[in-house]
Amino acid sequence: MSATVAANDYRPTKRDYSLIGRDAKRAVEIGLSAAQWYHTDVARKQMKELMKRDDSPAIRDTLIWLGVLILSGAGGALLWGSWWCVPFFLVYGVLYGSSTDSRWHECGHGTAFKTQWMNNAVYQIACFMIMRNPVTWRWSHTRHHTDTVIVGRDPEIAVMRPPDLVRLILNFLGILDAWQAMIDMVRNASGRLSASEQSFIPEMERHRAIRVARIWLGIYVATIALTVYFGSLLPLMLVGLPRLYGAWHHVMTGLLQHGGLADDVTDHRLNSRTVLMNPVSRFIYWNMNYHVEHHMFPMVPYHALPKLHELIKHDLPRATPSILAGYREMLPAFLRQLRNEDYFIKRELPPTAQPYREEFHAQGKSAAE
Amino acid sequence: MTDWIQACDAEDVEQEDVIRFDHAGRTFAIYRSPDDEYFATEGLCTHEKVHLADGLVMDEIIECPKHNGRFNYKTGAARGAPVCVNLKTYPVKVEAGKIYLQLG
């Protein structure tokens with residue numbers, strides 16, 4: 001299927017982000033859902049080399065990740081009651097509440113490790129820590145890749161228009177996200193899935209989502225029971241609360257993925273952002289800062305994304321040079337979207353790039369100028 | 001029994017790789033295993049109709065380029081989410097350096 005209409009022309013009123021709402025139906029009707037997306041040409045031989053799987057980078061990174069997680073958690077627990085525990089929990093929190101966003105993601109794609117049981121093991125651990133049901137989120141992420149930032153179809157649009165800035169700020173401490181995750185977990189554990197969940201999780205997979213939610217609920221009840229029994233917050237500082245106090249890094253990097261860019265287009269160069277970052281953030285984020293590249297070629301493992309970037313950057317907008325530069329670009333766009341939700345940042349292509357297909361963002365183009 | 005259709009030269013498919021073959025309005029994927037055996041399946045992923053020939057062959061697995069769904073290309077068996085429906089497979093023979101498919 002392909003869309004041949006100006007995507008923004010069909011929307012009569014404000015955006016409807018419901019997965020079972022008006023814009024969801026229209027996106028399917030006009031062929032904007034499950035459409036053909038733009039890809040930069042890459043020779044098959046080069047792409048095969050980039051797609052090649054390798055256990056060693058992910059084993060190395062996972063040993064570092066789990067090693068530092070355990071040491072920082074142990075340090076925080078041993079120094080609990082003094083201020084010296086704070087730096088340990090700052091590290092532990094980010095590794096628990098932010099690194100797991102990228103570990104969940106990469107292992108969900110099955111590309112981080114060559115060996116599938118390793119992908120599955122890290123996927124389950126990371127999903128628990130980031131509080132994302134491994135079944136629900138596998139399917140929601142599948143939809144995110146089919147219909148990236150298509151209004152009404154993509155369940156993972158982090159910044160809807162007009163932006164809810166209070167919600168964004170609160171999520172730097174995971175407050176609303178984690179609360180919603182707990183509600184979802186309790187609902188799933190009771191044997192029920194929401195209408196939205198049912199819209200993208202196949203029937204044959206739903207019992208798995210319910211089973212995981214029940215196991216997780218048991219773990220959280222046990223953690224709370226230990227907290228009450230010992231009269232100490234320490235058990236929750238190690239399990240559960242790091243999803244709040246350590247969430248800031250994954251929100252900081254995650255908002256940059258698509259924030260302020262186009263919606264309802266079928267070219268990842270228009271709706272995704274590649275940001276160059278410091279090595280620590282890249283370790284935490286497992287190279288998802290190369291986000292245009294990841295969406296265009298999800299088969300390429302995280303450790304090969306820098307090479308892919310070098311290979312195709314002639315066809316992409318210039319990479320944003322830093323996290324700070326990304327926010328300097330994105331925040332004014334959020335503020336403008338409060339007044340005009342059709343506004344978005346249209347990123348310039350280099351002269352060497354294939355041009356954007358104008359028919360997909362005719363109205364959006366005028367809003368961007 | 002349907003006739004055998006000549007698809008391509010055996011050397012057109014690299015070892016542990018896949019190519020696309022279109023015939024009579026249908027699309028197929030032809031695989032060459034690491035052991036130099038040839039196999040064929042329908043060409044589009046059963047999940048969202050993406051060409052498998054753009055995917056990655058690893059041993060006996062073909063991974064879809066869009067959502068990383070995996071199939072055993074020798075049997076067509078789906079190997080877990082997001083693919084749930086098996087691929088159709090087709091008999092393949094190699095004669096005088098040419099690959100032939102028997103299409104049902």
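1. In this predicted model, Tyr31(B) lies opposite Phe39(B), a residue of β4(B). The two strands concerned are β3 of chain B, residues 26-32, and β4 of chain B, residues 38-42; they run antiparallel and are joined by five bridges.

2. The sheet to which these strands belong is open and has four strands, in the order β2-β3-β4-β8 (chain B), with antiparallel pairing. Its edges are formed by β2 (17-23) and β8 (89-90) of chain B, each of which pairs on one side only.

3. Chain B also has an open sheet of three strands, ordered β1-β10-β9, and here too the pairing is antiparallel. At the edges stand β1 (4-9) and β9 (92-95) of chain B, each with pairing on one side only. With direction ignored, neighbouring strands of this sheet are turned by 30° against each other on average.

4. One of the facing pairs places Ile5(B) opposite Leu101(B) in β10(B).

5. The secondary structure of chain A may be stated briefly: chain A has 20 helices and zero strands.

6. Which residues make up the contact between the two chains? Chain A supplies 16 residues and chain B supplies twelve. On the side of chain A that touches chain B, the largest share comes from helix α7 of chain A (residues 134-146), which provides five residues. Sorted by class, this side of chain A comprises seven nonpolar, six polar and three charged residues.

7. The overall dimensions of chain A deserve a separate remark. The C-alpha trace of chain A spans about 65 × 40 × 40 Å along its principal axes.

8. Two further figures describe the interior of chain A and its contacts. Of the 369 residues in chain A, 45% are buried. Where contacts in chain A link residues at least 6 apart in sequence, 68% of them join residues at least 24 apart.

Conventions
Residues are numbered from 1 along each chain as its sequence is written. Chains are lettered from A and ligands numbered from 1 in the order in which they are written. This is a predicted model: local features need pLDDT of at least 70, side-chain atom pairs count only at pLDDT 80 or more; totals for chains, interfaces and linings use all residues. Two residues are in contact if their C-beta atoms, placed from the backbone, lie within 7 Å. Ala, Val, Leu, Ile, Met, Phe, Trp, Tyr, Cys and Pro count as nonpolar, Asp, Glu, Lys and Arg as charged, and the others, Gly among them, as polar. Two strands pair if DSSP finds at least two bridges between them. Axes are lines fitted to C-alpha atoms, for helices over the stretch in contact, and angles run from 0 to 180 degrees between N-to-C directions. A residue is buried if 20 or more other C-beta atoms lie within 10 Å of its own, exposed if 12 or fewer, and partly exposed in between; C-beta atoms are placed from the backbone.
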